[in-house]
Amino acid sequence: MEENLHRVSRSPDVGTHNQNDSVAEDNRRRRHYNHHTHGVQAKDSADWNAVDDLDFEILNFHSSPSNADDDMDFEIVNFHSSPSSPSPVVTNDEPLRLPIPMSGLGVPNEQLFVTQRSLPELARGPPYFYYENVVLAPWETISRHLYDVAPEFVDSSFICAAARERGYVHNLPISNRYLIQPPPKHTIQEVLPLTKNWWPTWDTRTKLNCIFTVNASSQLTNRIRSALEASRGEPPEEIKRYVIEQCEKWNLIWVGQNKAVPLEVNEIETLMGFPIYHTRGGGGISRAERLKSLSNSFQVDTLAYHLSVLKPLFPDGINVLSLFTGIGGGELALHRLQIPMKTVVSVEFSQANKYILRDFWERTNQKGVLIEFEDVQDLTKDIIVELMKQFGGFDIVIGGSPCNNHAGGNRVTPNCLEGEQSLMFYEYCRVLNVVRQTAKEMRRS
């Protein structure tokens with residue numbers, strides 16, 4: 001498969017990027033990834049059984065070759081042009097080569113961006129599709145089943161204050177993307193201004209790490225506080241290093257003198273681009289459920305940046321088929337872009353997530369129709385065709401299959417698509433194929 005990509009540089013009035021800053025940021029990221037090899041102390045591991053999986057995920061999540069080119073490399077994996085071609089096995093020992101910086105086809109305020117690309121013929125034109133998954137996912141296999149479209153890898157830290165490295169396969173236009181307004185805040189202190197008063201000068205973090213479902217234990221935060229208080233002033237370098245490692249690993253923020261704590265749910269909502277209390281869903285949803293839902297969601301600002309190209313195409317509204325909807329990141333992105341949702345057919349298994357989506361739909365006074373399915377397998381070909389005839393077709397199929405089997409100790413096979421949840425990717429492909437084929441037939445009739 002080949003995609004012709006045309007790269008250009010932004011003019012100075014659009015935005016510039018200091019090369020020294022770029023090198024410094026790359027070095028910071030590499031140091032950040034490398035420090036996770038130390039893990040945490042055994043007594044912390046006893047508090048959180050998932051810590052080994054977290055270390056494994058972080059290490060592989062950010063793997064990159066030592067001789068990476070300065071220019072962005074869009075030929076990241078060797079995609080085959082034929083669906084029948086054999087797929088190489090991607091093992092834990094051979095992580096995917098990922099671009100550094102992970103800025104996809106272009107992000108705001110970066111020098112290089114792609115103005116046009118030539119998609120494989122089968123992928124061109126509407127209905128559009130947009131599929132997201134973690135960077136550890138088997139992207140060669142995913143791409144081959146999605147019309148041989150190459151993934152776009154993006155780290156959300158280019159757009160917001162938290163890292164979230166994901167791959168996206170889509171056939172959307174890529175020119176004239178824009179950020180939702182007001183634009184997302186880029187640094188920790190901008191998002192959480194009350195931390196400024198307590199942030200030590202030797203903690204130079206401006207971005208947070210990827211959001212996970214596990215939090216640091218109270219034993220760890222107490223140990224950090226005790227170590228700093230025992231220093232009686234400027235802590236020695238070894239204490240600083242230890243504290244910074246734990247703060248980066250667990251996304252700790254400063255809320256008092258020598259007091260570093262995990263993020264609260266409402267703070268994570270803000271970092272992920274959701275309004276505060278979005279995941280309360282009208283009440284009755286536990287903190288653990290809210291954290292899990294947020295960690296598996298879209299980063300809304302990044303998603304909206306990609307979907308912004310749809311606004312001039314659908315001024316009168318859009319029909320959406322939302323697979324594995326989660327907490328409604330796609331719907332929120334369209335709402336914030338002021339793209340009316342005429343119809344949303346949502347497929348979501350989690351009852352908590354369905355409560356959250358319904359609550360969003362009601363609170364934002366949506367005028368369109370919301371239809372919910374619990375199981376994607378209930379979307380048979382006949383039902384999809386009937387829905388498309390009823391509403392005039394779907395304009396976009398958006399979603400990302402559950403990624404639990406792609407990360408850390410949850411990886412069940414080398415190619416990561418044989419786990420119970422990850423198999424849902426093939427349901428996404430099945431539904432998308434029916435939608436695109438039916439749309440073609442409807443245009444002919």
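**Figure 1. Crossing of helices α13 and α14 in the predicted model.** Helices (H or I, at least four residues) and strands (E, at least two) are DSSP runs, numbered from the N terminus. The axes of α13 (residues 381-391) and α14 (residues 424-444) lie 10 Å apart, at an angle of about 45°. Axes are lines fitted to C-alpha atoms, for helices over the stretch in contact, with angles from 0 to 180 degrees between N-to-C directions. The two helices α13 and α14 are therefore oblique to each other (under 35 degrees is roughly parallel, over 145 roughly antiparallel, 65 to 115 roughly perpendicular, the rest oblique). From α13, Lys-381, Ile-384, Val-385, Met-388 and Lys-389 make the contact (heavy atoms within 4.5 Å); α14 supplies Arg-430, Val-431, Val-434, Val-435, Thr-438, Ala-439 and Met-442. These contact residues comprise 8 nonpolar, 1 polar and 3 charged (Ala, Val, Leu, Ile, Met, Phe, Trp, Tyr, Cys and Pro count as nonpolar, Asp, Glu, Lys and Arg as charged, the others, Gly among them, as polar).

**Figure 2. Packing of helices α6 and α7.** The axes of α6 (residues 218-231) and α7 (residues 237-250) come within 11 Å and cross at roughly 155°. That angle makes α6 roughly antiparallel to α7. Their crossing is left-handed. On the α6 side, Leu-220, Arg-223, Ile-224, Ala-227, Leu-228 and Ser-231 meet Ile-239, Tyr-242, Val-243, Gln-246 and Trp-250 of α7. By class, this contact of α6 with α7 has 8 nonpolar, 2 polar and 1 charged residues.

Figure 3. In α10 (residues 300-307), 8 of the 8 residues are buried, so the helix is largely enclosed by the rest of the structure (buried means under 20% relative accessible area, exposed over 50%, partly exposed in between; 1.4 Å probe, protein chains only).

**Figure 4. Nonpolar cores.** A nonpolar core is a set of buried Ala, Val, Leu, Ile, Met, Phe, Trp, Tyr and Cys residues joined through side-chain atoms within 4.5 Å. The largest has 68 residues, and those with the most contacts inside it are Tyr-130, Leu-307, Leu-310, Ile-318 and Ile-396. Apart from it lies another core, of 38 residues, with Phe-129, Val-169, Leu-323 and Tyr-428 among them. Over the protein, buried residues make up 57% of the 445 residues.

Figure 5. Arg-166 is in strand β5 and counts as buried at 6% relative accessibility. The C-alpha atoms of Arg-166 and Val-154 are separated by 5.7 Å, the two residues being 12 apart along the chain. Gln-189 is in helix α5 (residues 188-191) and counts as buried at 15% relative accessibility. Not counting residues up to four places away in sequence, Gln-189 touches Thr-195, Lys-196, Trp-199 and Arg-205.

**Notes to all views.** Residues are numbered from 1 along each chain as its sequence is written, and side-chain values use heavy atoms, leaving out hydrogens and water. Local features need pLDDT of at least 70 and side-chain atom pairs count only at pLDDT 80 or more, whereas totals for chains, interfaces and linings use all residues.

Terms used
A crossing is left-handed if the near helix is turned anticlockwise from the far one by less than a right angle, and right-handed if clockwise.
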